[in-house]
Amino acid sequence: RAKESGRDRIQLFTHAMGEEARNKLVRIEELRRAVERDEFVLHYQPQKDIRTGRIIGVEALVRWQHPAEGLLLPGAFIPLAEETGLIVAIGDIVLRKACQQNRNWQDRGLAMLRVAVNVSARQFLERSLTDQVSSALQSAGLDPRWLELELTESLIMRDLEGAIERMRELKQLGVSLAIDDFGTGYSSLSTLRRFPLSRLKIDRSFIADIPHKAGDMAITAAIVSLGRTLELEVVAEGVETEEQAHFLAGAGCEMFQGYLLARPLPPSEVEDLILQMTTQRDGD
Ligand code: C2E
Ligand code: MG
Ligand code: MG
Ligand code: MG
């Protein structure tokens with residue numbers, strides 16, 4: 001009897017594995033179709049300059065408008081897109097949309113904003129990235145200074161020399177570069193100063209427990225002063241409370257992004273927020 005139930009369990013197990021593999025194949029097919037049909041939309045999360053109180057940039061965050069499941073967050077499909085290489089095509093779509101949207105805002109006189117786009121490891125390794133970026137800028141007619149690319153430390157550390165070369169190429173185009181999720185990787189001071197960067201984005205995990213964790217506050221303050229030493233702007237991610245914003249201002253952090261200001265929003269809502277903040281300002 002014990003043997004039998006053991007066998008049943010194995011059957012259940014292999015059956016489940018088979019199903020998981022099948023689901024994955026279906027997902028890959030759906031993702032391929034999503035690229036063909038362009039089912040991706042971008043939401044934009046505003047970034048605020050702490051000193052002036054103005055919104056000076058937005059981060060573009062991709063969502064998949066799945067025909068049956070609704071709006072899916074990147075965590076639900078970016079890993080698979082990376083694994084299958086579809087991220088290269090998706091990344092191209094994202095770059096084009098972000099540049100076009102930003103140019104559209106500029107043309108309509110809404111604001112001059114910097115739009116930040118996330119670049120994944122697979123995309124960064126691709127030789128065509130520089131061409132993709134330059135083509136997206138050109139077809140949108142966007143001045144490169146209004147585009148920023150967010151890279152991660154782990155992506156750079158895979159092939160340090162190659163990455164520095166690639167970063168120089170991108171920088172040559174006139175775009176700016178930021179390190180995303182900073183503090184979670186392993187870049188040393190000496191490597192960091194070799195990167196042609198404009199900004200460090202402090203990882204959300206260091207901000208989350210401010211003001212309750214002295215260690216996180218010390219790390220955050222250290223990153224801000226590291227930024228000052230290397231003449232880089234520092235942006236805090238994931239700021240949810242006034243206390244966190246207050247601490248960051250005191251520490252000399254230049255910019256923040258987080259639910260306290262706004263969640264990632266569809267373009268029309270970003271526009272509303274910016275207009276609202278401008279009228280408030282004019283009324284002061
Ligand atoms: P990320 O680049 O670090 O983006 C920040 C993430 O934190 C976003 O999640 C954002 O919604 C979330 N966030 C922002 N403020 C707060 C806050 O105050 N509290 C909390 N709890 N969360 C906050 P999202 O949109 O789900 O994106 C997750 C990750 O997916 C991004 O992390 C980025 O690594 C990746 N991703 C997003 N869009 C793209 C894309 O177009 N291409 C690539 N390759 N990756 C992308
Ligand atoms: Mg990012
Ligand atoms: Mg981040
Ligand atoms: Mg993150």
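Which side chain does the side chain of Glu30 join in a polar contact of 3.0 Å? I looked it up, and the partner is His66. By polar contact I mean a pair of N or O atoms within 3.5 Å; within protein, one must be able to donate a hydrogen and the other to accept it, and residues adjacent in sequence count only if both atoms are side-chain atoms.

**Ground rules**

I am working on a predicted model, where local features need pLDDT of at least 70 and side-chain atom pairs count only at pLDDT 80 or more, while totals for chains, interfaces and linings use all residues. Residues are numbered from 1 along each chain as its sequence is written, chains are lettered from A and ligands numbered from 1 in the order in which they are written, and side-chain values use heavy atoms, with hydrogens and water left out.

**Overall look**

I count 12 helices and 9 strands in the protein chain. These are DSSP runs (helices H or I, at least four residues; strands E, at least two), numbered from the N terminus. The C-alpha trace spans about 75 × 45 × 45 Å along its principal axes. Of the 284 residues, 47% are buried. My cut-offs are under 20% relative accessible area for buried, over 50% for exposed, and partly exposed in between (1.4 Å probe, protein chains only).

I also checked contacts, meaning heavy atoms within 4.5 Å. Among those between residues at least 6 apart in sequence, 67% join residues at least 24 apart. The accessible surface comes to about 14,800 Å², and carbon and sulfur atoms own 50% of it. That is Shrake-Rupley with a 1.4 Å probe; for residues, only the protein chains shown count as cover.

**Back to Glu30**

Glu30 sits in helix α1 (residues 2-37). I have it down as buried, because its relative accessibility is 17%. Leaving aside neighbours within four places in sequence, I find Glu30 in contact with Trp64, His66 and Glu69.

**Thr130**

Next I went to helix α5 (residues 129-140), where Thr130 is placed. Thr130 counts as buried because its relative accessibility is 11%. Which side chain does the side chain of Thr130 meet in a polar contact? I get Glu169, at 2.6 Å. Not counting residues up to four places away in sequence, Thr130 touches Arg166, Glu169, Leu170 and Leu173. I also took the C-alpha to C-alpha distance from Thr130 to Ser120: 14 Å in space, for 10 residues in sequence.

**Helix α10**

I checked the length of α10 (residues 214-229): at 1.5 Å a residue its 16 residues should span 22 Å, and its end C-alpha atoms are 22 Å apart, which agrees. The expected span is 1.5 Å times one less than the number of residues.

Which residues of α10 are buried? My list reads Asp216, Thr220, Ile223, Val224, Leu226 and Gly227. Seen down the axis, the buried residues of α10 fall within an arc of 160 degrees, so they line one face of the helix. The arc is that of the directions from the helix axis to the C-beta atoms. On the face turned away from that buried side I find the exposed residues Ala214, Arg228 and Thr229. The cover over the buried residues of α10 includes β6 (176-182), β7 (199-202) and α11 (242-251).

I noted a cis peptide bond between Ile210 and Pro211, with omega about 10 degrees. Pro211 is in the loop between α9 and α10. After α10 comes Glu231, in the loop between α10 and β8. Glu231 is not a glycine, yet has a positive phi of about 55 degrees. I call Glu231 exposed because its relative accessibility is 72%. Asp181, also not a glycine, has a positive phi of about 50 degrees. Asp181 belongs to strand β6 and is partly exposed, at 26% relative accessible area.

**Ligand 1**

How many residues surround ligand 1? I get 22, the closest being Arg63, Asn118, Asp180, Glu240 and Tyr259. A residue is listed here if one of its heavy atoms lies within 4 Å of the ligand. An N or O atom in the side chain of Arg63 is 2.9 Å from an oxygen atom of ligand 1. The side chain of Asp180 also has an N or O atom 2.9 Å from a ligand 1 oxygen. For Tyr259, a backbone N or O atom lies 2.8 Å from an oxygen atom of ligand 1. On its own ligand 1 has 800 Å² of accessible area, and the protein covers 82% of that.
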